Amino acid sequence: MARPQLFVPDPISGYAIGGHDPVSYFVDGRPRKGSRRYEYTWGGAEWIFVNEGNLAAFKRDPHAYAPLFAGCGGHALSDGFAAAGNPFIFAIVGGRLVFFHSVVNRFLFLANVTQLLKDASANARKTGCYPDE
């Protein structure tokens, strides 16, 4: 089964999660474009950050900020499919960032979050939606 590229890279720059700062989802409640001044390599991907503080937070605990399932869509993964999540369609679930392919997928996932999170987690390794470390 083909899986989407690791951590949904920007098609031009190649930065993880479309060039957005993963910490900004938690600090600002939304994605913010990172700056090339604050780059870091982790999990087989290049990441950029808004500022030094966000970079430092990510370096201390990348698993806390990187999207769960390596950026694959949570709802599709709960059905056993690997689909790239959209960095603009997200939710914080159990303290982790989860991307979705569509707003409908996000709604359906959150409507049955306990079971679908369990199902998605069970399918993560089988589909390749698990980061290199």
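Trainee: Which residues does serine 78 touch, and what makes a contact?
Mentor: Contact means heavy atoms within 4.5 Å. Leaving aside residues up to four places away in sequence, serine 78 touches Leu116, Asp119, Ala120 and Asn123. Bear in mind that this is a predicted model, where local features need pLDDT of at least 70 and side-chain atom pairs pLDDT 80 or more, while totals for chains, interfaces and linings use all residues. Numbering runs from 1 along each chain as its sequence is written, and side-chain values use heavy atoms, without hydrogens and water.

Trainee: Is serine 78 buried or exposed, and how do you know?
Mentor: Buried means under 20% relative accessible area, exposed over 50%, partly exposed in between (1.4 Å probe, protein chains only). Serine 78 has 8% relative accessibility, so it counts as buried.

Trainee: What makes the pair of serine 78 and histidine 75 a polar contact?
Mentor: The limit is 3.5 Å between N or O atoms; within protein, one must be able to donate a hydrogen and the other to accept it, and residues adjacent in sequence count only if both atoms are side-chain atoms. A polar side-chain atom of serine 78 lies 2.6 Å from the backbone oxygen of histidine 75. Serine 78 itself belongs to helix H4 (residues 74-78). Helices (H or I, at least four residues) and strands (E, at least two) are DSSP runs, numbered from the N terminus.

Trainee: Why are the buried residues of H2 said to be on the same side?
Mentor: In H2 (residues 52-60), Asn54, Leu55, Ala57 and Phe58 are buried. Their arc around the axis is only 160°, which puts them on the same side of H2. The arc uses the directions from the helix axis to the C-beta atoms. Their cover includes helix H1 (24-27), E1, E2 and helix H3 (62-65).

Trainee: What makes E1 and E2 a strand pair?
Mentor: DSSP must find at least two bridges between them. Strand E1 (residues 35-42) and strand E2 (residues 45-49) run antiparallel, joined by 5 bridges. Glutamate 39 faces isoleucine 48. Tyrosine 40 stands opposite tryptophan 47.

Trainee: Why is E2 called mostly covered?
Mentor: Of its 5 residues, 4 are buried.

Trainee: What makes the charge of arginine 125 sit over the ring of tyrosine 130?
Mentor: NZ of Lys or CZ of Arg must be within 6 Å of the ring centre and within 35 degrees of the ring normal. The charged end of arginine 125 sits over the tyrosine 130 ring, 3.6 Å from its centre.
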